[in-house]
Amino acid sequence: MQVQCCTLSKVGVDLNPEVGVSVHRSADLEPSPLEAITIRIHPRYCSHITVLLHLKRSPRSCSSLHFDQYDHYQESCDPWGHEVTAIQRKDSTKPTPEGLKTTKVDYQNEDELISTFTGQDVVISAVPFPQLNSEKIIIDACIAASVKRFIPSEYTTMMESPLTINLPIAKEKVLIRQYLNSVIPDTSSPTTWTSINNGAFFDMALKYGVLGPNPITKEAVFHDGGDKEIAVSLLNDIATAIVKLLEPTKFEAAANQPVYICSAVITERRLTKMVSEILGIDFGTPEDVDVKKLIEESDERLKRGDMAAVIDHYFQMMYGEGYMGGEFMRFNWNERLGLRIMDEEEVRGAVREILGA
């Protein structure tokens, strides 16, 4: 199977916990001001894909990470003989890892994309904050080239509520999903799509204090009381889900389907208690944030041109009334994919590993 990954991210584009990638953290690079995050696909049914995203850390949280460099791709060995190609912008001057097959294309040139995609089985879009105008060209090229499966950049908490289109962080993703449904009306089409949604990126959200306890500031924030359940995913588990969805027995079942997976179900209160016990931190009295009020304030900031406020709408997706963040398990594919959901002791182990405790 031949797999291509596209990324259209630009320098300065926000990378938040819903960015469309499956990742595995390279712990040995932690001391560096640039944090390397690798995207990896397991070798059994598909080639390894390793993508290095060089990110600049933000003091605010993982919600505000920014691209420091263009994305780089690195291919690891593939004992099953599948070919992986990384796509770069034509004007990119960034070096690529040795041994990686890459090709440079003009993302606005559909004919060039069609030529590049011809003979490919899967195209994975790894675009933070994807836009319909740019993704449409890629989708159309996939269809023209008869690519078997297109994986759009969703990777968020919940896309099934009709209210999702009202969220600045998700509106374009909804429009892309709608476009996919319009141009690929059924699974008899040569090209089909599968999206993957995984809740919050647990590794980063925990480390940078997005979901209750903040081990950096030693403070905690609860949204709407801190007792609402939310699904979260370890980065490795997202990568594993991608691989499993490319297995022959899962490939057809996932055609034209949104797939939801998670590693655990947590609340901010339970997570705060757990981190407090593991790290020995007294988080004091948590700040209780009313999500409805938070969004009202964020909307005002957005009107003033403060685009950093857009990330607050992720809490609306997770906790807001009618946005179905708490109904994540209704759509869950873990059992179908053979993915476990961690119990409390496993979550504790994951917390220790993520925080180096």
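## Helix α11 and its surroundings

The buried residues of α11 pack against α4, β18 and α7. The coordinates belong to a predicted model, and everything that follows should be read with that in mind. The buried set within α11 consists of Val 347, Arg 348, Ala 350, Val 351 and Ile 354. These residues cover an arc of only 165° around the axis, which puts them on the same side of α11. On the other side of the helix, Glu 345 and Glu 353 are exposed.

With 12 residues, α11 reaches 16 Å from its first C-alpha to its last, close to the 16 Å expected at 1.5 Å a residue. At its start, a side-chain oxygen of Asp 343 comes to within 3.2 Å of the backbone nitrogen of Glu 345. After the helix comes Gly 356, which has a positive phi, near 65°.

In soluble globular proteins, nonpolar side chains tend to be buried together. The largest nonpolar core in this model has 47 residues, of which Phe 202, Leu 211, Val 232, Leu 271 and Val 351 touch the most other members. At least two residues of this core are supplied by each of α4 (202-207), β16 (230-233), β18 (264-266), α7 (268-279), α8 (291-303), α9 (313-319) and α11 (344-355). The element that gives the most to this core is α9, with five residues. When residues up to four places away in sequence are not counted, Leu 271 touches Phe 202, Leu 206, Leu 211, Pro 213, Ile 266 and Val 351.

## A three-stranded sheet

Three strands form an open sheet with mixed pairing, in the order β13-β16-β18. Because β13 (200-201) and β18 stand at the edges, each with a single partner strand, one side of each is left without a neighbour in the sheet. The strands β13 and β16 run parallel and are joined by two bridges. Ala 200 stands opposite Val 232 in β16.

## Two residues in detail

Asp 203 is found in helix α4, whereas Phe 331 lies in the loop between α9 and α10 (334-337). Is each of them buried or partly exposed? The table gives the class and the relative accessible area for both.

| Residue | Class | Relative accessible area |
|---|---|---|
| Asp 203 | buried | 13% |
| Phe 331 | partly exposed | 22% |

Since buried means under 20% relative accessible area, Asp 203 at 13% is counted as buried, while Phe 331 at 22% is counted as partly exposed. A polar atom of the side chain of Asp 203 lies 2.9 Å from the backbone nitrogen of Leu 235.

For Phe 331, leaving aside neighbours within four places in sequence, the residues in contact are Met 158, Glu 160, Tyr 260 and Met 324. Phe 331 and Asn 197 are 134 residues apart in sequence, and their C-alpha atoms are 9.9 Å apart in space.

## The protein as a whole

The secondary structure of the protein comes to 11 helices and 19 strands, and 57% of its 357 residues count as buried. Among contacts between residues at least 6 apart in sequence, 73% join residues at least 24 apart.

Conventions. Residues are numbered from 1 along each chain as its sequence is written. This is a predicted model: local features need pLDDT of at least 70, side-chain atom pairs count only at pLDDT 80 or more; totals for chains, interfaces and linings use all residues. Side-chain values use heavy atoms; hydrogens and water are left out. A nonpolar core is a set of buried Ala, Val, Leu, Ile, Met, Phe, Trp, Tyr and Cys residues joined through side-chain atoms within 4.5 Å. Buried means under 20% relative accessible area, exposed over 50%, partly exposed in between (1.4 Å probe, protein chains only). Helices (H or I, at least four residues) and strands (E, at least two) are DSSP runs, numbered from the N terminus. Contact means heavy atoms within 4.5 Å. Two strands pair if DSSP finds at least two bridges between them. The expected span of a helix is 1.5 Å times one less than its number of residues. The arc is that of the directions from the helix axis to the C-beta atoms. A polar contact is a pair of N or O atoms within 3.5 Å; within protein, one must be able to donate a hydrogen and the other to accept it, and residues adjacent in sequence count only if both atoms are side-chain atoms.
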